[in-house]
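Take a look at the protein below.

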Amino acid sequence: MLNIEEIRSQFPILQTRVYGRPLVYLDNGATTHKPLVVLNKLQEAYTSFNSNVHRGVHALSDKASVEYEGARETVKRFINAPLVSEIIFTSGATASINLVAFSFGERYISAGDEVIISEMEHHANIVPWQMVCKRKGAVLKIIPVLDDGTLDMERYRELFSSRTRIVAVTHVSNALGTINPVREITRIAHDNGVPILIDGAQAIQHGNVDVQDIDCDFYLFSGHKVYGPTGIGVLYGKSEYLNEMPPWQGGGDMVDRVTLEETTFNELPFKFEAGTTNFIGAVGMAAALDYLKSTGIEEIGLREKELLDYATRKLEGIEGLRIIGTAPEKIPIISFLLEKVHMYDAGMILDKMGIAVRTGTQCAQPLINRFGTDGVIRASMTFYNTMEEIDALAAGIVKVKEMME
Ligand code: PMP
């Protein structure tokens with residue numbers, strides 16, 4: 001059992017008041033808050049070992065490099081990657097996907113080839129693939145979403161052809177909360193001889209992720225959604241692909257030998273880390289992963305299931321409220337619409353009550369449009385949320401209805 005009061009005391013921002021009311025933060029899908037251990041680690045980094053990594057022989061640079069490479073080890077252990085050299089630091093999930101789309105695309109995708117994504121993807125896992133398909137003359141094929149917000153696995157099986165080069169799907173939907181069966185999705189891709197990228201931006205903070213168990217070829221996430229700093233993210237990739245893929249950005253640290261005519265490239269993972277990386281962000285993110293581990297990933301999962309069940313029951317009881325996304329396996333995200341109130345009106349009135357929810361397309365326009373709307377209201381919870389906050393949301397929605405209907 002988690003001690004929620006004690007946990008909340010570790011997140012200073014949760015004590016904030018907005019418009020004189022206690023903050024009810026239900027926008028954790030967009031970004032999560034940071035516990036003191038992460039904030040303290042960032043402070044320690046800037047005050048005691050700030051110095052560029054891999055560059056100097058002096059003590060501070062050495063300490064920064066040791067911390068940075070230690071962070072890589074922490075990530076490797078957290079997702080159970082086989083090799084530390086398969087962990088690449090990027091600026092976030094979006095950058096990780098763009099890296100793979102560009103670099104894998106350069107090496108493996110040609111005119112007439114096919115890429116499979118799903119209708120459920122965040123724009124970050126749609127647009128880079130559209131860009132590579134356009135550049136290469138390849139074709140994007142789409143796994144449809146069923147009415148409950150799960151993927152149509154039958155159609156998925158039928159999408160493969162001898163021209164399929166890669167599958168890219170999300171582990172968890174940011175708009176609906178659906179947890180996809182990524183092991184099965186991966187097995188089907190591999191049965192067809194096709195590698196797979198999994199977007200873990202909404203999964204890593206909610207449950208155990210074991211990339212060897214999933215057997216995916218690429219997995220990625222952002223630091224800021226897993227209680228770490230912004231501007232840092234991870235790409236895990238199997239070396240058999242990463243070694244073959246060309247670098248996607250050139251600059252310092254990714255080189256082996258440079259002449260004015262030619263450059264040879266550094267080994268993994270540095271080949272994909274051009275320029276000064278966000279080494280302080282990496283160290284902060286590692287502190288966040290350690291914090292999650294010590295809090296207990298299993299316990300967090302149980303707590304979040306309780307929150308999801310409670311919130312679903314509460315919101316289902318409100319007349320004229322339609323929940324979009326009713327998959328059997330979900331993280332604590334509830335997207336909904338009110339029959340007679342526009343989402344933006346609802347979002348703005350809830351804000352005045354101190355309740356932060358997200359309104360709009362959730363950066364997943366094709367998915368939202370598939371459900372016959374141009375936006376939803378999304379409450380995304382995490383383990384530090386309380387049942388009282390869910391009560392406040394439900395009461396707030398009832399108030400909104402009274403005011404607007
Ligand atoms: N994929 C999913 C499923 C997401 O939810 C997000 C962020 N909302 C992203 C990718 C992109 O993450 P970032 O903006 O941190 O790069």
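## The model

This is a predicted model: local features need pLDDT of at least 70, side-chain atom pairs count only at pLDDT 80 or more, and totals for chains, interfaces and linings use all residues. Residues are numbered from 1 along each chain as its sequence is written, and side-chain values use heavy atoms, leaving out hydrogens and water.

## Two domains

The chain splits into domain 1 (4–30 + 296–404) and domain 2 (39–293). These bounds come from an automatic or database domain assignment. The C-alpha centres of the two domains are 28 Å apart.

## Where the domains meet

In domain 1, 37 residues contact 33 residues of domain 2. Contact means heavy atoms within 4.5 Å. Together the domains bury about 2,800 Å², with 58% of it on carbon and sulfur atoms. Buried area is the accessible area (1.4 Å probe) that two parts lose on being put together, summed over both.

One salt bridge crosses this interface. A salt bridge is a side-chain nitrogen of Lys or Arg within 4 Å of a carboxyl oxygen of Asp or Glu. Asp 147 and Arg 370 form a salt bridge, with their closest N and O atoms 2.7 Å apart.

## Around the ligand

Which residues surround the ligand? Among them are Ala 93, Thr 94, His 122, Asp 199, Gln 202 and Lys 225. Here, a residue counts if one of its heavy atoms lies within 4 Å of the molecule.

Polar side-chain atoms reach the ligand too. One in His 122 lies 3.2 Å from a ligand nitrogen atom. An N or O atom in the Asp 199 side chain is 2.6 Å from a nitrogen atom of the ligand. A polar side-chain atom of Gln 202 lies 2.7 Å from a ligand oxygen atom.

How values were computed. A polar contact is a pair of N or O atoms within 3.5 Å; within protein, one must be able to donate a hydrogen and the other to accept it, and residues adjacent in sequence count only if both atoms are side-chain atoms.
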